[in-house]
Amino acid sequence: MTDVEFRDLSKSFGQHKILENISLDIKSGEFVVLVGPSGCGKSTLLRMLAGLETISSGDLLIGGVRANELPPQKRNIAMVFQSYALFPHLKASDNIGFGPKIRGETRTAIDDKVKKASGVLNLFSYLDRYPRQLSGGQRQRVAMGRAIVREPSVFLFDEPLSNLDAQLRVQMRTEIKALHQRLKSTIVYVTHDQIEAMTMADRIVVMDRGKIQQVGPPLELYDRPANKFVASFLGSPSMSFVSGTLKAAPEKSWFESAGGGRLVLAGKAAPAAGVVEAGIRPEHFVIGEAEDAMAIKVDVVEPTGSETHIYGTIGADTVRAVFRDRVHARPGDLLPVTVDPGNVHLFDKASGLPL
């Protein structure tokens, strides 16, 4: 197990900056997920760690050793790709054992490593099959087995589940998390899927436009986002934002939406100049008439069985609410809702920073 440090790392292609002043410490044995929208720089950062991209400025340390110019084969890192990257003419066992074979290890040593990796990944039944005879999930496990036999100090995963269907993604998330718990290995995992990030990571690194926006445990980022971008990116369905203003009286303060209605706030919030936005998680809307309430004008109702999803508007703002109960609403209805004061997130509309 090895720790990894990024110190003011930057990457540019000509005049175009891809990554800017990335500083991050990854502890030995930690499962860290880099998450963000397409083009935010997360895969480039992973490729720099692997040695597949050069570093424009800053330092990369692996196990305390500067690795900027270290070639990929000397970094003791194994990478699992989105496309599996298996040799189609080799059986699963030969794909898994390819690395040790190239390094000149004995047949006995190779077989032992393949057997051990296959046991970890439940692949014994598929070792004599070619990649074309395997499902997507089985191919990904073979790719993971090929990484395991290298006995690396750091595992890198570059969106490994994006080619799988929804049910397989859930299964593979569990298998990768279980693999980490068994091997106690350092894992750096890249995804654009924030559900993968929330369910798998010890810590999440949220990135946008080549910069780190926030780092922390999943629930910490979910409950206390550093800015509007983090708040909107983490969560499925995502957070809704309602424009309005802050008002205060001697005993209480409240948020007054531009579309009418208001929400009482926890504590005493000073009135802010200009428009603010109230961020509300879909699961935090509660149906009910109250003095301090707002109304959602219903556009779409989606019953899922266990939940009811409501799409609608509050004034000019689009919102999404999720209720555990079966809500009998129709398009065009006005649905009165309240929100617990402790669940209202306030952001400055201009800067996106929390108030």
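User: In the model, how many bridges join E3 to strand E9 (residues 203-208)?

Analyst: The model is predicted. E3 covers residues 31-35, and E3 and E9 run parallel. Within this pairing, Val33 has Ile204 of E9 as its bridge partner. The number of bridges joining E3 to E9 is four.

User: Which residue in E8 does Val35 stand opposite?

Analyst: E3 also pairs with strand E8, residues 186-191. That pairing is in the parallel sense and has five bridges. The residue of E8 opposite Val35 is Thr191.

User: Which residues of E3 point the other way from Phe31, Val33 and Val35?

Analyst: In a regular strand, side chains alternate between the two faces of the sheet. In E3, Phe31, Val33 and Val35 point one way. Five of the five residues of E3 are buried, with both sets included. The residues pointing the other way are Val32 and Leu34.

User: Is the crossing of H4 and H5 left-handed or right-handed, and which residues of H5 make the contact?

Analyst: The crossing of H4 and H5 is right-handed. On the H4 side, the contact is made by Ala117, Val120 and Leu121. By class, the contact has five nonpolar, one polar and one charged residues. The residues from H5 are Arg141, Met144, Gly145 and Ile148.

User: Which residue is the bridge partner of Glu5 in E4?

Analyst: Strand E1 (residues 4-13) pairs with strand E4 (residues 57-62). This pairing is antiparallel, with five bridges. The partner of Glu5 in E4 is Leu61.

User: What phi does Gly14 have in the turn between E1 and E2?

Analyst: E1 and strand E2 (residues 16-26) pair in the antiparallel sense over seven bridges, with Phe6 facing Leu24 of E2 as its bridge partner. The two strands form a hairpin, with two residues between them. Gly14 lies in that turn, and its phi is positive, at about 65°.

User: Which strands stand at the edges of the five-strand open sheet?

Analyst: The order in this sheet is E13-E12-E11-E14-E20, with antiparallel pairing. Each edge strand has a single partner strand, so one side of each is left without a neighbour in the sheet. Neighbouring strands are turned by 40° against each other on average, direction ignored. The edge strands are E13 (262-264) and E20 (345-348).

User: Which residue in E20 is the bridge partner of Glu277?

Analyst: Strand E14 (residues 276-280) is joined to E20 by four bridges. The two strands run antiparallel. The partner of Glu277 in E20 is Phe347.

User: Does Thr313 count as buried or exposed?

Analyst: Thr313 lies in strand E17, residues 308-314. Leaving aside its neighbours within four places in sequence, Thr313 is in contact with Ala295, Ile296, Lys297, Asp299, Thr318 and Val319. The cut-off for a buried residue is under 20% relative accessible area. Thr313 has 19% relative accessibility and therefore counts as buried.

Conventions
Residues are numbered from 1 along each chain as its sequence is written. This is a predicted model: local features need pLDDT of at least 70, side-chain atom pairs count only at pLDDT 80 or more; totals for chains, interfaces and linings use all residues. Side-chain values use heavy atoms; hydrogens and water are left out. Buried means under 20% relative accessible area, exposed over 50%, partly exposed in between (1.4 Å probe, protein chains only). Two strands pair if DSSP finds at least two bridges between them. A crossing is left-handed if the near helix is turned anticlockwise from the far one by less than a right angle, and right-handed if clockwise. Contact means heavy atoms within 4.5 Å. Ala, Val, Leu, Ile, Met, Phe, Trp, Tyr, Cys and Pro count as nonpolar, Asp, Glu, Lys and Arg as charged, and the others, Gly among them, as polar. Axes are lines fitted to C-alpha atoms, for helices over the stretch in contact, and angles run from 0 to 180 degrees between N-to-C directions.
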